[in-house]
Structures are given as C-alpha cells and as structure tokens.
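Here is a short report for someone new to this structure. Please look at the sequence and the 3D view first, then read on.

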Amino acid sequence: MAHVTLHNTAGFAQQIKARSHQLKSDEPQNNGGQDTGPAPYELLLAALASCTSLTLRMYADRKGWELGSIDVDAHFGRDEAGLETISRKISFGNALSSEQLARLAEICEKTPVTKTIRQGTAIQTSIA
C-alpha cells in the first residue's frame, strides 16, 4: 500500500524516497543535527495532518460542501511521566453549519492515519 526507502551515509541527515519523491529528515541543531529537514515526529505529524486534510476534502467534495481552505495544526507532546499525546486543531476558510462541523469532526476520527496511530500497528523488523 505504501513504501519508502531511506539512505544515510553519515550524521543524522536522512535521504528518503517515496515513489518518485525525495524527502529529507534530520534533527534540529539543538539535538545534534544540522536541521536539513523535519525531525521524525514532525514527519509523523505531517502524515496525520495531510491525511486529515485530504480525507476531509474528499468527504466534503462528495457532499458538495465548500470548505474553502483547510488548516491543520498538529502537536506531539510527552509529559513528565512519559505519556505521549497528539493534538490537532482544524479550521476552515468558509463558514460551516454546526451540523457540518460535527460531521467533519467525526470524519477526522476515521481518517486512515488516525486509525493506524490509534490502533498501534505492529512493526516487524529484520536486519540484513
């Protein structure tokens, strides 16, 4: 369904390929990197935010709703006890009814990346 490859020659900068797209990941300078790309948790948030926006746009288009622009503000945090949380705030460029907003909030909870993060997908690792 989805596939990426990664190449790293040295340091924290990562070269990522997804289909024909080239991406970078790195750590910020205050964490030992050179800040040449988003950090891994930022990429995770980007996946969640983009999936949220794409899913809402598809749903609204099918319903004939004019959302205008979609803005997603996503944040990852970890408290002193190690509990991790993700929050996201979504806003739209056009005014929508309370019923539309309630339905869109329900759809947010059903986006594919939301479901994957929430269910805790198994990871199988092999070393070659």
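Leu 6 has Ile 16 of strand S2 as its bridge partner. The model is predicted. Three bridges join S1 to S2, and the two strands run antiparallel. Strand S2 covers residues 14–18.

These strands belong to an open sheet of three strands. The order is S1-S2-S3, and the pairing is antiparallel. Strand S1 (5–7) and strand S3 (21–25) stand at the edges. Each has a single partner strand, so one side of each is left without a neighbour in the sheet. On average, neighbouring strands of this sheet are turned by 25° against each other, direction ignored.

## Two aromatic pairs

How many aromatic pairs does a search of the whole structure find? There are two. One joins Tyr 41 and Phe 76. Their ring centres are 4.0 Å apart and their planes stand at 15°, so this pair is stacked. The cut-off for stacking is under 30 degrees. Tyr 41 lies in helix H1 (residues 40–63), while Phe 76 lies in strand S4 (residues 70–78). The pair therefore ties together parts that are 35 residues apart in sequence. Tyr 41 is partly exposed, at 39% relative accessibility. Phe 76 is buried, at 18%.

Tyr 59 and Trp 65 also pair. Their ring centres are 5.7 Å apart, and their planes stand at 80°, so the pair is edge-to-face. Here the cut-off is over 60 degrees. Are these two residues buried or exposed? Tyr 59 is buried, with 9% relative accessibility. Trp 65 is buried too, with a relative accessible area of 19%. Buried means under 20%.

## Thr 111 in its loop

Where is Thr 111 found? Thr 111 sits in the loop between helix H2 (98–108) and helix H3 (112–119). Its relative accessibility is 0%, so Thr 111 counts as buried.

What does Thr 111 touch, leaving aside residues up to four places away in sequence? The list is Cys 51, Thr 52, Thr 55 and Arg 88. Cys 108 comes into the picture through its backbone oxygen. That oxygen lies 3.5 Å from a polar atom of the Thr 111 side chain.

Terms used. Residues numbered from 1 in each chain as written. Predicted model: local features only at pLDDT ≥ 70, side-chain atom pairs only at ≥ 80, totals over all residues. Heavy atoms only, no water. Helix = DSSP H or I, 4+ residues; strand = E, 2+ residues; numbered from the N terminus. Buried < 20%, exposed > 50% of the residue type's maximum accessible area, 1.4 Å probe, protein only. Polar contact = N/O pair within 3.5 Å; in protein donor to acceptor, adjacent residues only side chain to side chain. Contact = heavy atoms within 4.5 Å. Phe/Tyr/Trp six-rings, centres within 6.5 Å; stacked < 30°, edge-to-face > 60°. Pairing = 2+ DSSP bridges. Axes fitted to C-alpha atoms, helices over the stretch in contact; angles between N-to-C directions.
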